[in-house]
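Subject: Structure handed over, with notes

Dear colleague,

Please find the sequence and the structure below, followed by my notes on what was found. Could you read the notes with the structure open beside you?

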There are 2 protein chains.
Amino acid sequence: MQLNKEAPYVLGIDLGGTNVRAAVLDKQGNLKGSGRAPSFATEGMAQTAGQIVHAAQTAMQSAGVKPEEVAGVGMGVPGHIDDKNGVVLWAPNFFEQGGPWRNVRLASPIEAMLNLPVFMGNDANVAALGEFRFGAGRGSRTIVMVTLGTGIGGGIILDGKLWTGATGGAGEIGHIIVAAGERGGASAFGSLESMGQIAAICERAARKMCDGRKTILNERVEDWHFLTPKIIADAAAEGDAVAIEVYEEVGTYVGYGIASMINLLNPEMVVIGGGVAQAGELILEPIRRSTRNNGIPTLVKSCKIVPAELGDDAGIYGGASLALDAIETA
Amino acid sequence: MQLNKEAPYVLGIDLGGTNVRAAVLDKQGNLKGSGRAPSFATEGMAQTAGQIVHAAQTAMQSAGVKPEEVAGVGMGVPGHIDDKNGVVLWAPNFFEQGGPWRNVRLASPIEAMLNLPVFMGNDANVAALGEFRFGAGRGSRTIVMVTLGTGIGGGIILDGKLWTGATGGAGEIGHIIVAAGERGGASAFGSLESMGQIAAICERAARKMCDGRKTILNERVEDWHFLTPKIIADAAAEGDAVAIEVYEEVGTYVGYGIASMINLLNPEMVVIGGGVAQAGELILEPIRRSTRNNGIPTLVKSCKIVPAELGDDAGIYGGASLALDAIETA
């Protein structure tokens, strides 16, 4: 599909398991309009593709922009993506005839329906691209983004370009191993994700409650099954030693992973995003301390560790960035 | 200094703590002549630079090549290198007035003496470049090289180019953390280096001897202080269960690090070099198994794990590659 480089707008799309969000941006990153639709993740590719197109059309209508004024579409998809061929190699949260998506050609039907070129990437990689171009990474050349949430993901931008690897699977930051043989989850035992994800935060607090530690968490939840990172962070803000300890411990493990990536890639900046990062300095301070204690001093010194700026919008800004990258390298 | 792109040869230099080696290669990587000199690492930069030039001149003489037939010089230096400016930021094994080299402008005096442009890189990075262009990595675009020895180092080649990071310090593969809080060494506790270096191999065997395990190692050394990786590997080759176990355990930890790098960077190939790799399948088999068990299956499947091919010559071939890269991108 021909890229209309002269057209003034781009479309950014963030496909999630529940909703698909779309936005029209100009080339400076100003948001002109947006749309949203349920993603029908269990209904099969055709229906999901239809919902994506619907969200995109809503965004164009709300922006008062015609398809011929759009240069291209960039889309983040949660899965393993072959970005060169627009194929979803594997997406565990989307289904077709009862099984997860495997080798689904998602870009071409959307191209056909919108009559616009579609560029696709892994959702976490694409969000990193958004923070790089329009968020915390503005002005940098080489950054790593780490997203702390239900899982841990991220993306790597090297010398201005998203690094997707030999087969499109790079940037699986949550799957690096920092504490071999320790807690397991959906990724390997002792992986960054297993040690730092929301479940790990809540488990640590739960264990301290079960150990009989004195903490106001005992008053805040009926029992430890109801713990959330937010409840623990609020307790920490009130000075609860146990809650502070939980974030200290988890931040220490996240710091091991960040130190590893700094030692390996020597980036200028690490951007920390995702729901858990909303705890602010409570989690950032131990992350920075652990990174400093475990990374190579010269490399750590030359690397800022900062919070993300775009929040939930990183995906749509990232989608737009993917399209802008394609325009600039075309 | 002007790069004479048309000249038919390049000079590759490998500066080590004991010796400096130099070689003249043609652009296809055929070795035409070589030279060697003691590196006088404790005598100060001027004497070391003089020795480097001497080795280079010897190599040109042995090849029957004149300086004007050489396009450029590439050199690997063990330390943190600012490759853009030809400065050794820090080299712990080289001394000037009693302290290790810091911010030493090493390239320019050598350029002035040889009247040739000099390109400099970290020695492990440069060796990776040698394996990439002329060794095990021939024909690949994206590889990681891991060197297992006294320490653990390596280099990262992404889409055909050596990745040196924002400030020239990337590729410190030995310093990624795989087993937080475990064995310490010159790098962080639980780092890949601490868990996989020669000292870690010998320690594991020593501990098993001290635990009273039955092993032919008891007959091979007077006491465990005399253990070497070679002695342990030889015992393993004879079927000694304890010796095999040592390599199994160490290979498992090395595999954690390789799985992490595959998950992060999605390379086509990981090349394993250094003295410890001479144990062959004894160490490669557990490395491959652990990588498979801990990496993301699709990414592990698309990545070969192979032994290095150039041995001790990786450095001089890598130096030549650094010069060839400069010619090709000039």
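**Two helices of chain A**

Helix 5 of chain A passes helix 8 of chain A in a right-handed crossing, where right-handed means that the near helix is turned clockwise from the far one by less than a right angle, and left-handed that it is turned anticlockwise. Please keep in mind that this is a predicted model, in which local features need pLDDT of at least 70 and side-chain atom pairs count only at pLDDT 80 or more, whereas totals for chains, interfaces and linings use all residues. Residues are numbered from 1 along each chain as its sequence is written, while chains are lettered from A and ligands numbered from 1 in the order in which they are written.

Helices (H or I, at least four residues) and strands (E, at least two) are DSSP runs, numbered from the N terminus. Helix 5 (residues 198-210) of chain A and helix 8 (residues 241-265) of chain A pack at an angle of about 140°, with their axes 10 Å apart; the axes are lines fitted to C-alpha atoms, for helices over the stretch in contact, and angles run from 0 to 180 degrees between N-to-C directions. That angle makes helix 5 of chain A oblique to helix 8 of chain A, since angles under 35 degrees count as roughly parallel, over 145 as roughly antiparallel, 65 to 115 as roughly perpendicular and the rest as oblique.

Among the residues of helix 5 of chain A that meet helix 8 of chain A are A:I201 and A:R204, and on the side of helix 8 they include A:V246 and A:E249 (contact means C-beta atoms, placed from the backbone, within 7 Å). The residues of this contact divide into seven nonpolar, no polar and three charged, with Ala, Val, Leu, Ile, Met, Phe, Trp, Tyr, Cys and Pro counted as nonpolar, Asp, Glu, Lys and Arg as charged, and the others, Gly among them, as polar.

**A sheet in chain B**

In chain B, three strands form an open antiparallel sheet in the order 5-6-7 (two strands pair if DSSP finds at least two bridges between them). Strand 5 of chain B pairs with strand 6 (residues 87-96) of chain B over three bridges, and strand 6 of chain B pairs with strand 7 of chain B over six bridges. B:W90 stands opposite B:R102 in strand 7 of chain B.

**Where the chains touch**

The contact takes 37 residues from chain A and 37 residues from chain B, and helix 8 of chain A gives the most to the side of chain A that touches chain B, with seven residues.

With best wishes

Methods
Contact = placed C-beta atoms within 7 Å.
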